Amino acid sequence: PDRGAFGRRGWDWSKSFPDFEAGKASLEDVIPEFFDISPKLVFAKTKLPEGLYDVSAIAPPDKMPELKRQFAEKLKATFGIEVQTKKQNLKVYVMTVCSTNAPGIKQVQRGRGGGQRPGGFYLNGTKMDVIVSFMELSLDKPIINETGLAGLWSVDVKWQMSKSELNSDSNPDPDKVIKAVREQLGLELTSTNRTVDVLEITKTRN
């Protein structure tokens, strides 16, 4: 039988040569992680191949653009899909710091896990970009991180759940999420339009 966790994927930047590892993960999960872009900024205009895949890649930091180009070529040759970076004007949230003494956030030295829970999430020691990804799941829109906050952070946020959220798996009320993030984490989420880099996936033309 297969061993190990399903869906694991990510870069290890602690080495002199950063490496990417994915195990038993879908291409829907692997592609945004490999190209270091929010899943909310990936637009698939063709159906992605089903199944789970193992992916391994390594390169020196100055060769990362070439590694990503090679991976795009591998996707094209193997699955007949083309991955391209384009500019697109989208409705997004921009996240900034509005308070430095909020009760639900503090800087820590080590990561210790966490995850989603009904009406919120708790993360003990993770980078701000990971916190952003949890917020994106709740708001269903891209978030541009302009906080400038580096290092590892512990966050604990819980919003008032709407009736639809309580009775089903529907997304929470965005206003309630934004209010909780502002009051508990001291982070402001402002809705605006931005021209951003997106990843477009299309079927290869014959």
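I take a residue as buried under 20% relative accessible area and as exposed over 50%. The model I am looking at is predicted.

**Helix H2, faces.** I then listed the buried residues of H2, which are Met-64, Leu-67, Phe-71, Ala-72 and Leu-75. Viewed down the helix axis, the buried residues fall within an arc of 140°, so they line one face of H2.

**Helix H2, length and end.** I checked the span of H2, residues 64–79. At 1.5 Å a residue its 16 residues should span 22 Å, and the end C-alpha atoms are 22 Å apart, which agrees. Just after the helix, Gly-80 has a positive phi of about 70°.

**What covers H2.** I looked for the cover over its buried residues and found that it includes strand E1 (8–12), helix H1 (27–34), strand E4 (53–58) and strand E5 (81–97).

**Leu-75.** I listed its contacts, leaving out residues up to four places away in sequence: Leu-27, Ile-31, Phe-35, Gly-80, Ile-81 and Val-83.

**Cores.** The largest nonpolar core has 31 residues, and Leu-75 is among those touching the most other members, along with Phe-20, Ile-31, Phe-34 and Phe-35. Strand E2 (19–25), H1, E4, H2, E5 and strand E11 (187–203) each give this core at least two residues. I found another core lying apart from it, with 24 residues, including Tyr-93, Met-95, Val-132 and Leu-185.

Definitions and conventions
Residues are numbered from 1 along each chain as its sequence is written. This is a predicted model: local features need pLDDT of at least 70, side-chain atom pairs count only at pLDDT 80 or more; totals for chains, interfaces and linings use all residues. Side-chain values use heavy atoms; hydrogens and water are left out. Helices (H or I, at least four residues) and strands (E, at least two) are DSSP runs, numbered from the N terminus. The expected span of a helix is 1.5 Å times one less than its number of residues. Buried means under 20% relative accessible area, exposed over 50%, partly exposed in between (1.4 Å probe, protein chains only). The arc is that of the directions from the helix axis to the C-beta atoms. Contact means heavy atoms within 4.5 Å. A nonpolar core is a set of buried Ala, Val, Leu, Ile, Met, Phe, Trp, Tyr and Cys residues joined through side-chain atoms within 4.5 Å.
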